[in-house]
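Me: I have a structure on my screen and would like to learn how to read it. Could you walk me through it?

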Amino acid sequence: MTRPEFWQGNTACAEGALAAGCSFFGGYPITPSTEIAEHLAAKLPKKGGVFMQMEDEIASMASIIGASWAGARAMTATSGPGFSLMMENIGFAAMTETPCVVVNVQRGGPSTGQPTMSAQGDMMQVRFGSHGDYAVIALCPATVQEMYELTVKCFNLADKYRVPVFLMADETIGHMREKILIPDTVERVGRKPFVPGNPPFRAADPDLIPGFPQFGTGHHVHVTGLTHDERGYPAATSPQLHMDLVKRLVDKIENARDEMADYDVINPDAEQVFIAYGAPVRTVQQVMHDRKDPNIGFLRIRVVWPFPEKALAKFKNAKRFLIPEMNLGQIAREIERHVKVPVRSIPKLGGELHTPAELVRALEAQP
Amino acid sequence: MSFEDWYRQDRLPHIFCAGCGNGTVINCTLAAVEQMGWKQEETIFVSGIGCSSRASGYILADSLHTTHGRALAFATGVKMANKGLHVVVFTGDGDLAAIGGNHFIHACRRNIDLTVVCMNNQIYGMTGGQGSPTTPLGCLSSTTPYGCAEPPFDLCELAAAAGANYVSRWTSYHVKELEKAVKAGLETPGFSFIEALVQCPTAFGRRNKFKQVADHVEHLRSHSLLKAKRDRMIENGEQIPAGMFVVGELTRRNRPAMGVKP
Amino acid sequence: MKLAIDENRCKGCNLCTKVCPYKIFKEGKKLNRKGVPIPELDRPERCANCRLRNLYGRQLCGVCQLTCPDQAIHWIDEEPYEPHKVAIEY
């Protein structure tokens, strides 16, 4: 059974978090993500959860990592400037394999930029923003319905892979109101249980994910952002240990690339193929609807990182990929790495969506 | 059981230099925790970055060694997500007062039920002795080669002004008093702040005329002024000699606290 | 009870020589494995905790152990006292 609602994206995200069992939210107000914090401030305490308005985004990120180790399903929400502040602790979460969810309702940057306008300029920052090598998961919703569903999915992926997971929404989706169908129950995937007696950071299984030794359960785990051995003890000067640890942190995500891939393929035999994620998906859908041309394909990506490169191979006849993005071609460059045919980036900055006419012009322009 | 049983024996000896006061402060803290009768599985030690913050890694309990300055923010998350846990934070002067200054005053303002033990060596020890926000005026460090020109923070007054329920200051010389102060902090609901001045022979003493570890400890002893005596001196209109710092229980009150186990 | 210094942990700061009210710890000359001179014990039977801990059933004094920054000082249980004959010359 489902129940219809008419919500804006940020409300849907907050409700998705509640449905997923989020029990801790640490946040700081920032346009255009504030509604998520406001909604959870009202709803979380009634469900036995904790809402903390922290003193800044650095503290927000830190608090959800702490809460996650204490057993909570923890989340924060922010936008560009706050996201930049969180970067150090995002690296910490990746290094210590802490499950947590960060919602970034993207706005125009750099710097304070356009607080009330839409953008997708943080797509590379989310993947590479903190120092050192690591891997994370990033999801991009294109509808209010997906705001809800992907938030739930973020929590499940975070707990399953023990990694920070990002919901990379944008101002358009965050503030847009549309009809959404709320399911009665949602799927919940928990953390892998810890086998007592094992070293806390030994990943014996082929999925490279160690069990989660939650605080307060008597496992005496030491969690450190320093390079650590499988007991969790710092061993920052061992080259081999560091190599093995960082490789494992990256491989546990990269190896599961196909398992977690989430995309739609429309007209796989087409020669001209649009690829989009987030708000530009909506413009491409309009073009697809208007043209009804089997020669125009569309790859709609929901899990952007790790990038689903196998999806590109489904378009066997593709002569050209067209990538409308609300940045200067961040994911277009990633796609260029994987395909041999020309990749045409259709960037748009400033906060307005691509118009269907712009996409049609790009489609008709000769390469 | 004694406080020795709270150490991860397989990790000792620790990385602190010979004569460093941090080990003493950890002893005193653990002795206080031991007296509280807390179980190891429900006590969490959180720390930031720096010499002092390595402490959490030597303790046989769940411990979180976090990013520079953010220990209190992490500890807030741990405590609020599970109020049944006892959370003790180890931090240093640079970690707490410089990069973590904002988290410090806000944790005091929230009066969240944490006990913070700050090992104040008046220097950035781990990076080789740079001036910190608590380096006394005129003291030499690698970044204040002509003497520190900036007035230092009084961390205890800062904590009291920001709203902490319990504030006290001792030194690594006053081990018994420090142990009692930490215990009082652990017993107090709300934010408890215990500043422990410690000697740093490698980075601070070496540059500031404390050739021997004992010289620095003797300086800490001779320059500490009991709060009761300080109050008496003020009452009598006496001048408090320069270079003295007040030790003792400076604040104890009962503001509404956050995160206390119901 | 008997005082003992863990030679592997001692870093030779000699703070124990300053804090013991009985001055049991003396600066030593013997080097440990790492080349650090470790303190010597001067008539450790004077230590209050050694003598009276079992009698009182609690830790007494213990300032040296609390102060030792390297967790190198502890007490160990002694072998039970064995009476032996003493030849007395008149």
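What follows is a short talk about one chain and the place where two chains meet.

Reply: Gladly! This is a predicted model, where local features need pLDDT of at least 70, side-chain atom pairs count only at pLDDT 80 or more, and totals for chains, interfaces and linings use all residues. Residues are numbered from 1 along each chain as its sequence is written, while chains are lettered from A and ligands numbered from 1 in the order in which they are written.

Me: How many residues of chain A are in contact with chain B?

Reply: In general, the size of an interface is often given as the accessible area lost when the parts come together. Here we use contacts instead, meaning C-beta atoms, placed from the backbone, within 7 Å. By that rule, 35 residues of chain A touch 28 residues of chain B.

Me: Which element of chain A gives the most to that side?

Reply: Elements are DSSP runs numbered from the N terminus: helices (H or I, at least four residues) and strands (E, at least two). α3(A) gives the most, with 9 residues. Elements giving two or more residues include α4 (80-95) and β10 (222-224) of chain A.

Me: Where does β10(A) pair with chain B?

Reply: Strands pair if DSSP finds at least two bridges between them. β10(A) has 3 bridges to β2 (residues 62-65) of chain B, and the two run parallel. In this pairing, A:Thr224 is opposite B:His65.

Me: What are the spans of chain A?

Reply: Its C-alpha trace covers about 65 × 45 × 45 Å along the principal axes. Chain A holds 13 helices and 16 strands.

Technical notes
Two residues are in contact if their C-beta atoms, placed from the backbone, lie within 7 Å.
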